[in-house]
Amino acid sequence: MTEETPTVDMEKIVSLCRRRGFIFPSSEIYGGLSSCWDYGPLGVELKQNIKQAWRRAVIQERDDMVGLDASILMHPQVWAASGHLEGFSDPLVECQNCHQRFRPDQVAMTKYGDPPSYFTAPDEGQLALKLSRAGFMRANVKFLNFLDYKDKAPCPFCEVVGQFTDPRQFNLMFKTFMGPVEDEASVVYLRPETAQGMFVNFQNIVNTARKRLPFGIAQIGKAFRNEITTGNFIFRSREFEQMEIEFFVKPGTDEEWFNYWTEERLNWYVRLGIKRENLRLREHSKGELAHYARKCLDIDYRFPMGWSELEGVANRGDFDLVQHAKHSGRSMDYYDDETKEHFVPYVIEPSAGVDRSALAVLCDAYDEEPDKDEIRVLLRFHPTVAPIKIAVLPLSRKEPLAAFAREIHTSLRRHWMITYDDTQSIGRRYRRQDEIGTPLCVTVDFQSLEDNQVTIRERDTMNQIRVPVAVLKETLQAKLEGEDLFVLPEGGQIWKEEKT
Ligand code: ATP
């Protein structure tokens, strides 16, 4: 595999997600709603597991972090202070022939014969190169350059040349109205990021959570962006979920904490089962850096469309707290009792997407292997993220076997999200569980009624062991925590060893 070889076809992931109930297009019976997605039964569990793993790593297992769940609708002044009202926009041009709208950089791409999607270049670096050769800057598409080019540019959609309007800035925030009157005074916005909820609550947390610097606030929640360029499944949607941290530090210690959090966050993805070689760090160049950011880097994943951002880590200095102090008239100073100083803390922001994490986990886990005359499709999920941890499979629906299997199912479901399946042949049931990434299957057969033992089958190797029901729970627990299948409990034996 070369640097740029995609891990898997996006179409295969989309089709598996649809077929098995991970993710559906939103409002599908009405033809879908552009760039909005519904998570089905397995998708919900997958997302929940990712969020829980994040919360455990950044809140539960630390002394210096607390959680928050701020409201989605916030005072409009928040967005004036944060700069979103003025600056959170993309340039937009419209083809006057077909009335499709594009970002100018998409139009530029067509000159090189590429499809008009922003993400068709293998990675941001190559895209930036192409665009700069064409006289366009990715980070800040230059209007002037587009004006030079617009009369010669073919429309990426209808291919008619030179029909573009001048670029105008298009704010990406969704607007709505609060209260019964729909006028300018009642405009509120759906938050385009969760971060501002943490900045405006900075003093509330200092005063109530008894945290001293350095400490952080962590929040998971929905964010909304009226993206011009959407696509690539759940990679870029208009409604998505973020997992964000604002970690407040004393100025001067910010670089150290920036490096710490970069490392920490990268390792978190590896602990979630994502292959290290499919992750990379990419520091923003000076030209790309937001004006308030002191340093910024992306944790990229090798998605099917190329290397793209999974999470951003930014050193935002004191920009946000100073802005909110100015706009609200409330002090954002922190008093350090040791040095007796007042100062505004700096902030390190690791900002991740739940949906992009889910997509990365799905792509990384997807595998196909030959199996007799067929292809075995499997999701090699790490047990932490696997939607279903265990499937209980009785070999027959007959009594008393079924009752025996049901009893096992009932006793295990208290501990994990598990499933019970008694339809079709056992081979087909194994394949179904492989395809949804269930790490372990427990098979109950007629002999179980006599010897009180069941088999445990491992998804990745298809190896099987047989263990007494009395030690089943502890054995499953150990295997889900990574113990080798062939480490046997008392009374256990190797049942089937696949020689693949
Ligand atoms: P991009 O450059 O890909 O648009 P961004 O730099 O605007 O992303 P941030 O504002 O840093 O993204 O948001 C933090 C994280 O939120 C991103 O790393 C990503 O995981 C997630 N995210 C942002 N926009 C979207 C979106 N439209 N759909 C899904 N996830 C998103």
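A pocket here is found on a 1 Å grid over the protein atoms alone, as an open set of points where a 1.4 Å probe fits, with protein on both sides within 12 Å along at least five of seven lines, and its lining residues are those with an atom within 4 Å of a point. The model is predicted, so that local features need pLDDT of at least 70 and side-chain atom pairs count only at pLDDT 80 or more, while totals for chains, interfaces and linings use all residues. Residues are numbered from 1 along each chain as its sequence is written, and side-chain values use heavy atoms, with hydrogens and water left out.

**Stop 1: the second largest pocket**

Select D371, K372, G427, R431 and M462, which lie nearest the centre of the second largest pocket among the 22 residues that line it. Two or more lining residues come from each of β17 (366–371), β18 (374–379) and α14 (426–435), where helices (H or I, at least four residues) and strands (E, at least two) are DSSP runs numbered from the N terminus. By class, the lining holds five nonpolar, four polar and 13 charged residues; Ala, Val, Leu, Ile, Met, Phe, Trp, Tyr, Cys and Pro count as nonpolar, Asp, Glu, Lys and Arg as charged, and the others, Gly among them, as polar.

**Stop 2: the ligand**

Move to the ligand and display the 15 residues that surround it, of which R225, E227, R236, S237 and E309 are the closest; a residue belongs here if one of its heavy atoms lies within 4 Å of the ligand. An oxygen atom of the ligand is 2.6 Å from an N or O atom in the side chain of E309, and an oxygen atom of the ligand also lies 3.0 Å from a polar backbone atom of G353. Strands β10 (239–249), β13 (306–317) and β16 (346–353) each give two or more residues to this shell, and β13 gives the most, with four. The shell divides into four nonpolar, five polar and six charged residues.

**Stop 3: R62**

Finally, select R62, in the loop between α2 (41–60) and β3 (65–68). R62 is buried, with a relative accessible area of 14%, where buried means under 20% with a 1.4 Å probe and protein chains only. Its side chain makes polar contacts with the side chains of D64, at 2.8 Å, and Y260, at 2.7 Å; a polar contact is a pair of N or O atoms within 3.5 Å, and within protein one must be able to donate a hydrogen and the other to accept it, while residues adjacent in sequence count only if both atoms are side-chain atoms.

Note on methods:
Buried < 20%, exposed > 50% of the residue type's maximum accessible area, 1.4 Å probe, protein only.
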